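I opened a new notebook page for this model.

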Amino acid sequence: LDTLEKWVTEIFSEIPNNGLPKPSFGHLTQPFDTPEFHKLYRVVPIRKVHSLTITWALPPQEQYYRVKPLHYISWLVGHEGKGSVLSFLRKKFWALALYGGNGETGFEQNSTYSIFSISVTLTDEGYKHFYEVAHVVFQYVKMLQKTGPDQRQVIWEEIQKIEANEFHYQEQTDPVDYVENLCENMQLFQKEDFLTGDQLLFEYKPEV
């Protein structure tokens, strides 16, 4: 570490600091508030696959990284057990897979907006009933909205424990990739969270 620190100091200390704050585009609210985003778009795929993707443009969520509300919602939406969206759609022979969430990248999450998507891989029969599939997804999201998170702290704590286990027992990654990831984290999180901010859940705040 001493050697690495010496190298970093030698190589980067001559780069001038212009003293400018980090750019923020938070004043550009609702970038997708246009009629075009309230429509159904059909895209012909290259390979034979039927996929229905529903996307919401939300207010920016990056400041809530200690709570990770979108991760919590995607966990519930992507659940595959009894009572889940996918379980219901599979019984109808309409879907093969379902996943949802936010990639936490610059495109999907930044100071202007956060995107949340739910994507359903449809069967041929499901493609014939994609309106009904979309309706089921919206029904489930509406149910989550009505019941609220207060009844689900146990689920949040379960997610927190699973993510903590995955963090503590993760396989060693390539050092170059690891350093690059840490450098990206330095732009997003508080100093004490550089190592863990993109993986762990720290605080349960149902209002968020």
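Is strand 3 (residues 114-122) mostly covered or mostly uncovered? I found it mostly covered, with 7 of its 9 residues buried. Buried here means under 20% relative accessible area, exposed means over 50%, and partly exposed is in between, using a 1.4 Å probe and protein chains only. Strands (E, at least two residues) and helices (H or I, at least four) are DSSP runs numbered from the N terminus.

I noted the ground rules next. This is a predicted model, in which local features need pLDDT of at least 70, side-chain atom pairs count only at pLDDT 80 or more, and totals for chains, interfaces and linings use all residues. Residues are numbered from 1 along each chain as its sequence is written, and side-chain values use heavy atoms, leaving out hydrogens and water.

**Entry: partners of strand 3**

I looked up strand 1 (residues 50-58), and it pairs with strand 3 in the antiparallel sense over 9 bridges. Two strands pair if DSSP finds at least two bridges between them. A57 stands opposite I115 of strand 3. Strand 2 (residues 95-101) also pairs with strand 3, antiparallel, over 6 bridges. There, G101 has S117 in strand 3 as its bridge partner.

**Entry: the largest pocket**

I read off a volume of about 1,300 Å³ for the largest pocket. Its lining has 37 residues, and K39, Y41, T53, I54 and T55 lie nearest its centre. Strand 1, strand 3 and helix 5 (130-147) are the elements that give two or more residues to this lining. Strand 1 gives the most, 9 residues. By class, I listed 24 nonpolar, 9 polar and 4 charged residues in the lining of the largest pocket. Nonpolar covers Ala, Val, Leu, Ile, Met, Phe, Trp, Tyr, Cys and Pro; charged covers Asp, Glu, Lys and Arg; the others, Gly among them, are polar.

A pocket is an open set of points on a 1 Å grid over the protein atoms alone, with protein on both sides within 12 Å along at least five of seven lines, and lining residues have an atom within 4 Å of a point. A volume is the space filled by probe spheres set on the points.

**Entry: the second largest pocket**

I found about 770 Å³ in the second largest pocket. Of its 26 lining residues, I73, V141, L144, Q145 and V208 are closest to its centre.

**Entry: N185**

I placed N185 in helix 7 (residues 175-186). N185 is buried, at 3% relative accessible area. Leaving out residues up to four places away in sequence, N185 touches F194 and D198, where contact means heavy atoms within 4.5 Å.

Terms used:
1 Å grid on protein atoms, 1.4 Å probe; cavity = no way out; pocket = protein on both sides within 12 Å on 5 of 7 lines; lining within 4 Å.
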